[in-house]
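Thanks for coming, everyone. Please have the sequence and the model up on your screens. I will go through it topic by topic.

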2 protein chains.
Amino acid sequence: VSWIDVTYRIRSAPADASAVAQTIAVEQSVEVPLEVIHDAFVAEHIVGRVDGVRDRGDGSHDVRIRLATETTGFDVAQTLNMLFGNSSMHAHVEFVDAEFPTEFVAHFEGPRFGIEGIRSQLGVRGRALTCAALKPQGLPAERLAALCYTFAHAGVDVIKDDHGLADQRYAPFAERVPACQRAIERVWHETGHRAAYAPSLVGSPSTLAEQATIARDAGATMVLLAPALIGMPSFAELASEHIDVPILAHPGYGGAVRVAPAFLPGKWFRLLGADAVIFPGFGGRFAWDQRTCTAIADTARAPWGAVRPALPVPGGGMSVERVRELVAFYGTDSMLLIGGSLLGTPQRIDERAREFVTAVHAAASTTGPVSAATS
Amino acid sequence: VSWIDVTYRIRSAPADASAVAQTIAVEQSVEVPLEVIHDAFVAEHIVGRVDGVRDRGDGSHDVRIRLATETTGFDVAQTLNMLFGNSSMHAHVEFVDAEFPTEFVAHFEGPRFGIEGIRSQLGVRGRALTCAALKPQGLPAERLAALCYTFAHAGVDVIKDDHGLADQRYAPFAERVPACQRAIERVWHETGHRAAYAPSLVGSPSTLAEQATIARDAGATMVLLAPALIGMPSFAELASEHIDVPILAHPGYGGAVRVAPAFLPGKWFRLLGADAVIFPGFGGRFAWDQRTCTAIADTARAPWGAVRPALPVPGGGMSVERVRELVAFYGTDSMLLIGGSLLGTPQRIDERAREFVTAVHAAASTTGPVSAATS
């Protein structure tokens, strides 16, 4: 079996650290209590393992957990999922590092150019490189191109779009990028100095592919991408399939998401097209309080012009025993998600599931069709 | 002009709150000092505006900032960029909420089904819905399908893949999804109860499109997607163009990114294909310290099997005056990014840029071609 060694930093009392570490190992692998694991393959090859806990002496501990490489499917999104998908929602857990086995790394190409390729392209050796940014946004394409000319003419090596430049009305991507690249080439002909212009590509996957084509057709010799912003899986695919010049990664949105929960699933995911939004319900495995859960559910269902309401789905440690309470709290315009607790006893899964169903059906008659939480 | 009203929560002394708010308004719009704005259109239509600061009495303040709708280009990724792209990296700033103008909302479809469509599909009225999850990962497809049968047979309304189920060897997506859907349909024929199965789609944009096709061909009547995990722009495009059944949004990775900076740009972005990584250098507009910056730069350049080194690019408030110091710190295998400080005086941009270039060229000879920071 091949493992990824992951380090998390947790805040906990020393006496609790091992238990917290064990909880993370389970959360980031099978997401069910270990008692529920009856399959030898799963127990030996899939369940995460605590490899060590180190007291840092300041109320925090570094815990080292081994996660099975197989669980990633060697896919970018799924890897993020296994590394920090659920634990990201625990405020006391920080993701610190991961050490990938060779087998895993072999699935990724890494930088196609790297330092050497960039130096080679720019013809620069033995010194640091220079980079300037075209800004502020709001200027028309020709003004940005003029700025680009100025920077290139001054001998700057790389001139990048400010990451705020996108495809806005005042400087459309398809106008700005050829204009800036022409400025670079004019300087090249005039002075012999060939700077690289790195347009900022930002958008959905199909938009990014179109922008990559425009940039290539214009002759741009670098691009700027913000992986956390466009999505890391999208970034990875773009990098491997649509970009054939060096890529500058921008850290934008990399410090997120410290976003209020009511906004993220309740408003934003809904606006983007989620018909139902799962969130960690209070009293479960996550420390989200009732106020937060009410806010998410209310926001997901609130009238909002032509935007249809989305169904709130509390989950993350709900149990059959709490159905009545949960329906009373969230109202019937909700979907209860019960995961591991139905699996407690293999022989009783069907029975527990029926109890769940029955309890929810019964709760309807006590609370009626109108939401108790929102009416 | 149309504006998005954004609320941020900041930690600051009462006397400083207004200044912090003004800094955010600038950071999230033009990213240059206001003195640099000489264009009337930019000043009136693009620069963000502080709309109010409210002391919450606990050391935090809610600041309301208006951001120009035009700057989003009505694109998902660019909107995230404008809302929290750079400010996400300020530990004292939390993103709380955004109120979008009608003009903005009109560009998004929102849920295609919503509560009503889900109820209609499931034929369930007047009560809450039920949802169960197929887990743990590691089980073969037929075991998961058997579990699906059990849940459906028990009368559960929606049965979803655990979000850890992806396209792993032990239960490939193309096997698991038809098997689980067949279980649903068997129950339907046997009992008349038609549950919905929601397979979890996870991957890069092209993988997601393939999985959406497999799910549709199998007859799945819902899907599970984690927007923060697959990337919100990718999620939005998938939702609008590839999915014609109700979508369940999973919160996975939504609590991220509290990820150590040395990992995110230095190791992960590099592994995904970044040839150069920009990060907020110490002593600039961001509070990242020297130790963090050294870690990023060292990680980006460290030997790592066949993975080429990536070029570290400190930015975010660097200045020409600091070139010598920066090159000494990062070594010459780096690229210095200087943004707004070159634009201080419109008449001197060319001159400042040349000074920048000259300073970096000169720094080469004092520190030599070998990195001072890593040698």
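Over all chains, this structure holds 28 salt bridges. Keep in mind that the model is predicted. I will take three of these pairs, then a network.

Start with Asp51(A) and Arg64(A). Their side chains meet in a salt bridge, at 3.5 Å from N to O. Asp51(A) is in strand 2 of chain A, residues 49–55. Arg64(A) is in strand 3 of chain A, residues 60–68.

Next pair: Asp39(B) and Arg143(A). Here the salt bridge has an N to O distance of 2.9 Å. Where do the two partners lie? Asp39(B) is in the loop between helix 1 (17–27) and helix 2 (40–46) of chain B. Arg143(A) is in helix 6 of chain A, residues 141–153. So this pair joins two chains. Now look at the cover on each partner. Asp39(B) is buried, because its relative accessibility is 15% and the cut-off for buried is under 20%. Arg143(A) is partly exposed, at 39%.

Asp161(A) sits in strand 6 of chain A, residues 158–161. Arg176(A) sits in helix 7 of chain A. The pair therefore ties together parts that are 15 residues apart in sequence. How buried are they? Asp161(A) has a relative accessible area of 0%, so it is buried. Arg176(A) also comes out at 0%, and it is buried.

Now the network. Which residues are in it? Salt bridges link Arg9(A), Arg54(A), Arg56(A), Asp58(A) and Asp62(A).

Let's stay with helix 7 of chain A, which covers residues 173–191. Val187(A) is in that helix. Val187(A) is buried, with a relative accessibility of 0%. What does it touch, apart from neighbours within four places in sequence? The contacts are Tyr149(A), Ala152(A), His153(A), Gly192(A) and His193(A). Take His153(A) from that list. It is 34 residues from Val187(A) in sequence.

Over to chain B, and Gln78(B). Its place is helix 3 of chain B, residues 76–84. Gln78(B) is buried, at 0% relative accessibility. Which residues does it touch, leaving out those up to four places away in sequence? From chain A, the contacts are His163(A), Gly164(A), Ala166(A), Gln168(A) and Val202(A). From chain B, they are Thr71(B) and Thr72(B).

Next, aromatic rings. A search of the whole structure finds 10 aromatic pairs over all chains. One example is Phe282(B) with Tyr330(B). The ring centres are 6.1 Å apart. The planes are at 35 degrees, so the pair is tilted. Phe282(B) is in the loop between strand 10 (276–280) and helix 12 (290–301) of chain B. Tyr330(B) is in helix 13 of chain B, residues 323–330. They are 48 residues apart, and the pair links distant parts of the chain. Both partners are covered. Phe282(B) is buried at 6% relative accessible area. Tyr330(B) is buried at 1%.

In chain A, Phe282(A), Phe329(A) and Tyr330(A) form one aromatic cluster.

Rings also meet charges. The charged end of Arg194(A) sits over the ring of Trp188(A), 3.9 Å from its centre. In chain B, Arg194(B) lies over the face of Trp188(B), at 3.9 Å from the ring centre.

Last, chain A as a whole. It has 14 helices and 12 strands. Chain A has 375 residues, and 64% of them count as buried. Now consider its contacts between residues at least 6 apart in sequence. Of those, 70% join residues at least 24 apart. The accessible surface of chain A comes to about 12700 Å². Carbon and sulfur atoms account for 52% of that surface.

Definitions and conventions:
Residues numbered from 1 in each chain as written. Chains lettered and ligands numbered in written order. Predicted model: local features only at pLDDT ≥ 70, side-chain atom pairs only at ≥ 80, totals over all residues. Heavy atoms only, no water. Helix = DSSP H or I, 4+ residues; strand = E, 2+ residues; numbered from the N terminus. Buried < 20%, exposed > 50% of the residue type's maximum accessible area, 1.4 Å probe, protein only. Contact = heavy atoms within 4.5 Å. Salt bridge = Lys/Arg side-chain N within 4 Å of Asp/Glu carboxyl O. Areas by Shrake-Rupley, 256 points an atom, 1.4 Å probe, with all protein chains shown as cover. Phe/Tyr/Trp six-rings, centres within 6.5 Å; stacked < 30°, edge-to-face > 60°. Lys NZ or Arg CZ within 6 Å of the ring centre and 35° of its normal.
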